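Dear colleague,

Please read the notes with the model open beside them.

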Amino acid sequence: MVSLPIGVVVANERWRIERVDERFCELFVCTPEGLLGSPFEDLFSPRDRRGLHAFDEKISGYAGGLVDLLVVLRPDRTDRLVRLRVGREDSGLWTIFAEPVQPSDADLVHQLEQVHNQLSAAVAAVDEGIAIIDTQHCLVRLNARFFELASF
């Protein structure tokens, strides 16, 4: 049987790891026993403070659906670029899907993520009102100053 390279971790409302599936342990060379009860943030690489900050920011503003971001995890003492998709169940538990990014894709995906973060930071920091609209005339990005100037 062929399965996707996605491991699953379940954390409680205080972000302590409660369950780890076998696939996660296969992908990241770890044991469930070594992770159970530990804080999820301990899996983040100390070198990826931005990733941890982005994760904390998205989770603190969580409004449903799946949070999707690229971070560097280190569950096996080796830094690995990983795509995380995180969602909250009705029970209050958090389900985290972890997919290692393949080395051939890592550079391009990581560069794209960096450009996205730089654009977001630039738009947020400008004193002028900025609104970016896509080809279908939908608002895709804006800053707080835009709301002030538009009197929303």
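Which residues form a negative surface patch? The patch is made up of Glu 41, Asp 42, Asp 56 and Glu 57, where a patch joins like charges within 9 Å among residues that have over 30% relative accessible area and no salt bridge. Asp 56 belongs to helix H3, residues 49-60, and counts as partly exposed because its relative accessibility is 38% (buried means under 20% relative accessible area, exposed over 50%, and partly exposed in between, with a 1.4 Å probe and protein chains only).

Before the rest, two remarks on the source: this is a predicted model, in which local features need pLDDT of at least 70 and side-chain atom pairs count only at pLDDT 80 or more, while totals for chains, interfaces and linings use all residues. Residues are numbered from 1 along each chain as its sequence is written, and side-chain values use heavy atoms, with hydrogens and water left out.

As for the overall fold, the chain has five helices and seven strands (DSSP runs of H or I with at least four residues, and of E with at least two, numbered from the N terminus), and 32% of its 152 residues count as buried.

Side chains of opposite charge can pair when their charged atoms come close. The structure holds six salt bridges, a salt bridge being a side-chain nitrogen of Lys or Arg within 4 Å of a carboxyl oxygen of Asp or Glu. One of them joins Arg 83 and Asp 68 at 2.4 Å, N to O, and this pair links distant parts of the chain, since Arg 83 lies in strand E4 (residues 80-88) and Asp 68 in strand E3 (residues 67-73), 15 residues apart. Glu 26 and Arg 23 also meet in a salt bridge, at 3.0 Å, N to O, and both lie in helix H1 (residues 22-28), three residues apart, or about one turn of the helix. Glu 26 counts as exposed because its relative accessibility is 51%, whereas Arg 23, at 24%, counts as partly exposed.

Asp 48, in the loop between helix H2 (32-35) and H3, is buried yet has no salt bridge, and the nearest side chain of opposite charge, Arg 50, is 7.3 Å away. Not counting residues up to four places away in sequence, Asp 48 touches Val 71 and Val 72 (contact means heavy atoms within 4.5 Å).

Technical notes
Patches are made of residues with over 30% relative accessible area and no salt bridge: like charges are joined within 9 Å, nonpolar side chains (Val, Leu, Ile, Met, Phe, Trp, Tyr) within 5 Å. Accessible areas come from the Shrake-Rupley method with a 1.4 Å probe; for residues, only the protein chains shown count as cover. Lys and Arg count as positive and Asp and Glu as negative; His and the chain ends are not counted. The place of a charge is taken as NZ of Lys, CZ of Arg, CG of Asp or CD of Glu.
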